[in-house]
Amino acid sequence: MKIRKITDRVSYTGVNDRATVRFEGLWPLPYGVSYNAYLVKGSSACALIDSVELGHSREFMDNIHEMLDVEKIDYLVVNHMEPDHSGGIPRLLEAFPDIKIIGNAKTIQMIQGFYHIDNPDNFMEVKDGAEVQLGDRTLRFIMTPMVHWPETMMTYCPEERVIFSGDAFGTFGALNGGIIDDDLDCGLYIEEMYRYYSNIVGKYGRFVNSALQKITGLEIDYICSTHGPVWHSHIDEVGAIVHRLANYQPEKGVTIIYGSMYGNTADVAECFATTLNELGIRNIRIHNAGKSEMSDMISDAFRYEGLIVGSPTYSNDVFPPVQAFLNAMKTREIKHKVVASFGNCAWAPMAAKSISTQLATLELTDAGTVAMKQSITPEVEAQVRSVAKEFVNLLTLK
Ligand code: FEO
């Protein structure tokens with residue numbers, strides 16, 4: 001990738017990854033992902049902001065060396081130590097042994113632990129609000145712990161009105177030609193932002209909120225995150241999405257998650273869907289948990305106001321992929337949703353009770369449960385209609 005200018009003094013030095021199948025070994029990457037890094041040039045010094053994943057170090061170094069007017073890199077600011085952004089550090093130090101790595105105390109401990117770099121001359125520890133001058137450009141460090149690791153921070157360059165935001169405002173999707181949102185069709189990246197946030201950062205809403213509050217009031221023309229486009233013309237839109245997600249504020253729609261071995265529990269899921277549709281609900285996302293990606297189920301469940309979960313009894317418990325989904329909801333402490341549940345069994349009615357009990361541990365509004373034995377009947381359909389009516393009554397977004 002060629003060096004791309006974002007502003008007069010800020011350039012993009014990141015890379016695209018279209019080969020990795022699963023991010024963090026878990027989350028599918030159908031459109032790839034970018035590992036974003038940036039270079040800020042001041043009149044007397046220049047600084048890199050973050051690096052890239054280890055396997056892309058060569059490309060990252062090529063990007064830096066393409067900057068023919070840069071003789072040396074004075075600083076590497078490490079906003080985030082997760083290895084998709086710090087893997088390039090060893091190679092960078094080989095090329096620029098005098099570089100100063102800027103981070104907080106946790107960052108420095110992690111660099112030593114991950115990469116066994118322990119020369120104190122290589123480190124500059126900073127605290128919240130500290131600044132480094134690059135001559136006529138300033139870097140100000142803003143501590144934003146748990147967005148998404150404890151060492152996470154953001155870096156603000158006031159003269160360029162640019163914030164380097166770490167994982168906040170990130171999204172899946174490699175960059176298809178452009179770097180800045182103005183040069184890209186952003187529909188894909190915006191859609192993938194829901195999946196990225198809910199999968200990766202979803203557990204840390206209150207920390208994201210604190211970070212958003214800390215940067216409110218800064219003059220920002222460009223948000224440079226660690227993944228996805230540089231946000232410029234879409235700042236208001238992505239800001240609203242991240243704010244909504246961090247506060248668990250849902251959008252209009254219903255997600256139905258179910259497991260089914262032989263189609264009988266699936267019949268109840270379909271019955272819920274058609275009944276909801278008859279009641280005027282149009283945006284309904286249905287996932288067979290044995291087939292859908294967990295990543296997509298989490299994303300839809302996180303995003304929409306209604307959530308209906310169903311399962312057959314399996315080994316006297318909830319069907320394993322549905323239980324895995326419930327675990328993901330508990331981990332992310334989902335809230336502010338209207339929920340309903342249903343369960344089926346051949347002989348032991350465990351699933352329905354277990355799902356509703358588990359959902360009751362979260363801050364959700366329960367519209368009821370449908371329990372079925374073996375196969376759907378007119379009586380079960382009547383139960384579905386009754387629970388679905390209550391469910392729709394409880395939805396605030398219709
Ligand atoms: Fe892309 Fe939390 O790292």
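Val126 has a relative accessible area of 6% in this predicted model, and because buried means under 20%, Val126 falls into that class. Val126 is located in the loop that runs between strand E11 (123-125) and strand E12 (131-133). Its C-alpha atom is separated by 6.8 Å from that of Ile102, 24 residues apart along the chain. Apart from residues up to four places away in sequence, Val126 touches Ile102, Gly103, Asn104, Phe141, Met143 and Met153.

His148 is likewise found in a loop, here between strand E13 (138-143) and strand E14 (153-157). With 7% relative accessibility, His148 is counted as buried. The side chain of His148 makes a polar contact of 3.2 Å with that of Glu82. Beyond its neighbours within four places in sequence, the contacts of His148 include Glu24, His80, Asp167 and Tyr204.

The aromatic pairs come to a count of 12. One of them, Phe114 with Trp149, is stacked, at 6.2 Å centre to centre and 20 degrees between the planes. Since Phe114 belongs to helix H4 (residues 105-115) and Trp149 to the loop between E13 and E14, this pair ties together parts 35 residues apart in sequence. Phe114 is partly exposed, at 39% relative accessible area.

The rings of Phe172 and Tyr196 have centres 5.2 Å apart and planes at 80 degrees, so this pair is edge-to-face. Phe172 is buried at 0% relative accessibility, and Tyr196 is buried with a relative accessible area of 1%.

Charged side chains also meet rings: Arg303 lies over the face of Tyr194, 3.6 Å from the ring centre, and Lys335 over that of Tyr248, at 4.2 Å.

Terms used
Residues numbered from 1 in each chain as written. Predicted model: local features only at pLDDT ≥ 70, side-chain atom pairs only at ≥ 80, totals over all residues. Heavy atoms only, no water. Helix = DSSP H or I, 4+ residues; strand = E, 2+ residues; numbered from the N terminus. Buried < 20%, exposed > 50% of the residue type's maximum accessible area, 1.4 Å probe, protein only. Polar contact = N/O pair within 3.5 Å; in protein donor to acceptor, adjacent residues only side chain to side chain. Contact = heavy atoms within 4.5 Å. Phe/Tyr/Trp six-rings, centres within 6.5 Å; stacked < 30°, edge-to-face > 60°. Lys NZ or Arg CZ within 6 Å of the ring centre and 35° of its normal.
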